[in-house]
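Morning, everyone. Please look at the sequence and the model on the screen.

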Amino acid sequence: MSRFQDPVVLSCSISGAIANRDQCPAIPYTPEEYAAEARRAVEEGASQIHIHARTPEGVPSYEIEDFRAITEAILAEVDDVIVNYSTGAIGVSVAKRIEYLRELRPDVAALNMSSMNYAKYSARRKDFVFKAVFENSFDTIIEFLTAMREFGIKPEHECFDAGHIANLDPLIDMGLLSEPLNVSLVIGVNGGIRPNARNVAFMSEQIPGGAEGPNNWQVIGISRDQWRLVGAALALGGNVRAGLEDNFYLANGEMARSNGDLIAKARQMAEDVGRRAATVAEARELLGVPKRVASG
């Protein structure tokens, strides 16, 4: 028997919508590049791929055709992986974001759980790199949830602060959500909770049923604070996400050459605390995401 127990779901956010190749040359733009990055991540232990679509020129996209091309390229490159779509956006209608969910039916779709200030600040410049109000009202959340239930898509609840987790309570009471929930603790964004291990513990305890209850949770650590947040989550029994959307750098300060480098580091950290990367089949069972049967 392996000495590693307690499987951990390793998710990979392979591109994001904000960063570009001037900042990190490994960020994929074309469907073929997405597929190659997904393969590298899966080979290192990732079981879920989080997708922000781009055009082949690297411009963020919310078009069905771009999501389709990227998804088909990934699934042609890897045997099986949980496909997770972003739904977060500023200035893009809810209806447009629901269109690609309706048409393509990913396994999972991320769902932001509260409105907030969303920003990145540069201490060197003494100014914000960007800043915006990120609208995620209850009306918006319920519209997305209703669509996801209709399409058979599992929501991933992205929570940037403790109060965002509390927003799950009325939705559970209304019967819009069913366990197991998949809750992401997004830590390190200006406007959200500060990035430290104590806050990982605090937020995980706010999840319905607690950190060791029936619901799944993962940490999404932003920027170079990522690795200590990953370490805290692994020690507390959570799942973790890594990838070029969240952070470009390995723990030693070296820029990652690919998403595979980041997932390999997360897998090594899991093994260092006696855990192991979940297989895709195990991740599907843990997250309550059955494999779709191809039609036709």
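I'll start with the barrel, then turn to the helices.

First, the ground rules. This is a predicted model: local features need pLDDT of at least 70, side-chain atom pairs count only at pLDDT 80 or more, and totals for chains, interfaces and linings use all residues. Residues are numbered from 1 along each chain as its sequence is written, and side-chain values use heavy atoms, without hydrogens and water.

Now the barrel. Eight strands close it, in the order β2-β3-β4-β5-β8-β9-β10-β11, with parallel pairing. Strands here are DSSP runs of E, at least two residues; helices are runs of H or I, at least four; both are numbered from the N terminus. Pairing takes at least two DSSP bridges between two strands. On average, neighbouring strands are turned by 25 degrees against each other, direction ignored.

Take one pair. β10 (residues 216-221) and β11 (residues 239-242) share three bridges, in the parallel sense. Gln 218 has Asn 239 in β11 as its bridge partner.

Next, α8. This helix lies across β9 (182-187), β10 and β11, at about 165 degrees to β10. Angles run from 0 to 180 degrees between N-to-C directions, with axes fitted to C-alpha atoms, for helices over the stretch in contact. Contact means heavy atoms within 4.5 Å.

How do α8 and α9 pack? α8 (residues 226-236) and α9 (residues 259-272) pack at about 40 degrees, axes 10 Å apart.
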